[in-house]
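This report describes the strand pairing, the salt bridges and several backbone features of the structure shown below.

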Amino acid sequence: MLRIGTWNTQWAEPGNPVGNAVRRDLAGPKCDILCVTEGCENLVPDNRNILDAGPERSSDISAERRKVLLWSKQPWCNVDEIRCEEHLKGRFVAGITQTPLGPLTVIGVCIPYRFSRQKVGHKQWKDHEAWLREFERLPHRQFTERTVILGDFNQRIPRKWQPQQVYASLLHAFEGFLIPTAGDVAGVPSLVIDHIAHTPDMALVGDIGLWPIRVVDNKPISDHIGVWGDFVLS
């Protein structure tokens, strides 16, 4: 059995009550693989076995912050050296690691928010849709065995308020993958946007676990609900 989790930690940094709480929470479920979006390296259980997506294009965030980080209990035996295009840069990272299920391809993503770069004149969803188009051209979309894609999808599944065209683009980009975090998740009042997708040769065992929205030192530790789950080969 393999435990996998993903959470957008809203730029939490250890050294203050909020960041320390996030670090403890991430370690709590003892995941084998973690994807941290909008976070920093020292949030994960240790500083080993990290894949860093690098800085986002034209980003003004600090050098320590990353849109996507992948962490594994085991070393990464193969890191994808694919050259990311404009919209994927800093928002996509992939590698292969050994797991209780055998070698697993893991892809961490942070799809742009609908208001991405709206201040510089971009229309809502423009960067989001451009990211999906670039992602569709990668070979990873064709993988059919032992592959997980996880991170901040910035869309609810099924569609709630996003435009039909944007939702259709998301479904097409992830065609062939199962998304067990779609739909109602026990203990969550609304649909999540942090997701785990996987190839059909894997299956979720039990319920989805949560990193819920909560307050520490009078501050929310994240505006996202994180998700984790246990998986086996089907």
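## The open sheet

In this predicted model, five strands form an open sheet of mixed pairing, in the order β5-β6-β7-β8-β9. Strands are DSSP runs of E with at least two residues, helices are runs of H or I with at least four, and both are numbered from the N terminus. Two strands are taken to pair if DSSP finds at least two bridges between them.

Strand β8 (residues 147-152) runs antiparallel to β9, and five bridges join the two. Within this pairing, V148 has H198 of β9 as its bridge partner.

## Basis of the values

Residues are numbered from 1 along each chain as its sequence is written, and side-chain values use heavy atoms, with hydrogens and water left out. Because the model is predicted, local features need pLDDT of at least 70 and side-chain atom pairs count only at pLDDT 80 or more, whereas totals for chains, interfaces and linings use all residues.

## Salt bridges

The structure holds seven salt bridges, each defined as a side-chain nitrogen of Lys or Arg within 4 Å of a carboxyl oxygen of Asp or Glu. One of them is formed by D230 and R3, whose closest N and O atoms are 2.6 Å apart. D230 belongs to strand β13 (residues 226-233) and R3 to strand β1 (residues 2-8), so this pair ties together parts that are 227 residues apart in sequence. D230 counts as buried, at 11% relative accessibility, while R3 counts as partly exposed at 22%. Here buried means under 20% relative accessible area, exposed over 50%, and partly exposed in between, for a 1.4 Å probe and protein chains only.

Strand β4 (residues 65-72) contributes R65 to a further pair, with E13 in the loop between β1 and α1 (17-27) as the other member, 52 residues apart. The closest N and O atoms of R65 and E13 are 3.2 Å apart. R65 is partly exposed, with a relative accessible area of 25%, and E13 is likewise partly exposed, at 32%. The side chains of R66 and D52 also meet in a salt bridge, at 2.8 Å from N to O. Since R66 lies in β4 and D52 in strand β3 (residues 50-52), the pair ties together parts that are 14 residues apart in sequence. R66 counts as buried at 14% relative accessibility, whereas D52 is partly exposed with a relative accessible area of 32%.

## Backbone features in loops

A cis peptide bond, with omega near 5°, leads from I157 to P158. P158 is located in the loop between β8 and α3 (164-173).

W125 is found in the loop between β7 (102-110) and α2 (126-136) and counts as buried at 4% relative accessibility. D217 lies in the loop between β11 (215-216) and β12 (219-220).
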